[in-house]
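Reader: Please present the model, and then let us discuss its fold in questions and answers.

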Amino acid sequence: MGDTSINANQSQVLARTKGQGERASRLRRYFPIVLVLTTLCAAAWIEREALLRGSADLWIVSDPITPADAVVVLGGGLDVRPFIAANLYAKGLVKKVLLSEVEDGPSVSIGALARHTEENRKVLLRLGVPGSAIETFGTANKNTWEEAVALKDWADRNVVSVLIIPTEIFPARRVRWTLRREFAGKAVRIEVPSFDPTTGYTRADWWKTEDGVIAFQNEILKYLYYRLKY
C-alpha cells in the first residue's frame, strides 16, 4: 500500500515536471516572436509621427499647374477653392472661372442661409475676378460625380483643352480619379492641384486634430465607395 502511494506521488511529480518543461519549451519557442512584435509596436509608437506623415504623403496627390482654359470651383471648400481660383485668374493662368451650381438645402430655401454658389461668386468678385469671367455649370449638383458629369457636358459645348480643379489635400485623389474617369477619351487635360485647408490641420500635422483625422478617414471611405460605384 505504501509503495503504491509513493509511486502515485512520484507519477504526479513527474507529470508536473513534464508539464512545466513543456510550458517552458513553448515559452522559449514563442519568446522571439513576442519580442519581435513588442519591438515593432514600440518602434511604431516611437516613430508614429513619421509613419502618419508618410501615410498622408502616400495618399495625397497634387498635379502641377499649367496655363488652362478655366479653373473649376467645385461645391464645398469655400475658404480654399474660390481663393485659389481667384489667384490663378489674377496670375493670368486661366481665362474663366467655372462655379458648380450645387444643390442647396432647406436653410437656403427659407432664406436663412445664402446659396453656396452665390457665396463662391461673392468671394471671387471681392478678390477681383470680373463677373464676365465667371460662369456656372450643372444644375443642383449633389456630389463630385454629378459635378464631373455636368462639367463634361459644359466642356462638350465649349472649346477647351485644359481644366484646373483645385481642392484640399485629402479629397484630391478622389476628385482627380472621378474627373479623369468621366473625361476619359476626351482631348481635355484635367489638373488637380491640392492645398492645405486654411484652418484645422495641414498634411504635416493632420493626426493631431480631430478634424484632420475625420477628414482623412472619410476621404479613404469615399474614395473606395466611388471606385466601387462608378
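Author: A residue is called buried under 20% relative accessible area, exposed over 50%, and partly exposed in between, with a 1.4 Å probe and protein chains only. This is a predicted model, in which local features need pLDDT of at least 70, side-chain atom pairs count only at pLDDT 80 or more, and totals for chains, interfaces and linings use all residues. Residues are numbered from 1 along each chain as its sequence is written, and side-chain values use heavy atoms, with hydrogens and water left out.

Reader: What percentage of the residues of the protein chain count as buried?

Author: The protein chain has 8 helices and 7 strands; these are DSSP runs numbered from the N terminus, helices being H or I of at least four residues and strands E of at least two. Of its 230 residues, the share that counts as buried is 36%.

Reader: What is the strand order of the open sheet?

Author: Two strands pair if DSSP finds at least two bridges between them. Strand E1 (residues 70-73) and strand E2 (residues 96-102) run parallel and are joined by 4 bridges, with alanine 70 opposite lysine 96 in E2. The open sheet has 5 strands with parallel pairing, in the order E3-E2-E1-E4-E6.

Reader: At about what angle to E3 does helix H6 run?

Author: Axes are lines fitted to C-alpha atoms, for helices over the stretch in contact, and angles run from 0 to 180 degrees between N-to-C directions; contact means heavy atoms within 4.5 Å. Helix H3 (residues 81-90) lies across E1, E2 and strand E4 (162-164), at about 170 degrees to E1. Helix H6 (residues 144-157) lies across E1, E2, E3 and E4, and its angle to E3 is about 135 degrees.

Reader: Is asparagine 141 buried or exposed?

Author: Asparagine 141 is in strand E3. Leaving aside residues up to four places away in sequence, asparagine 141 touches Ser100, Glu101, Val102, Glu103, Glu146, Glu147 and Ala150. Because its relative accessibility is 6%, asparagine 141 counts as buried.

Reader: Against which elements do the buried residues of H7 pack?

Author: Helix H7 covers residues 172-182, and its buried residues are Ala172, Arg174, Val175, Trp177, Thr178, Leu179 and Glu182. They pack against H6, strand E5 (167-168), E6, strand E7 (194-195) and helix H8 (210-229).
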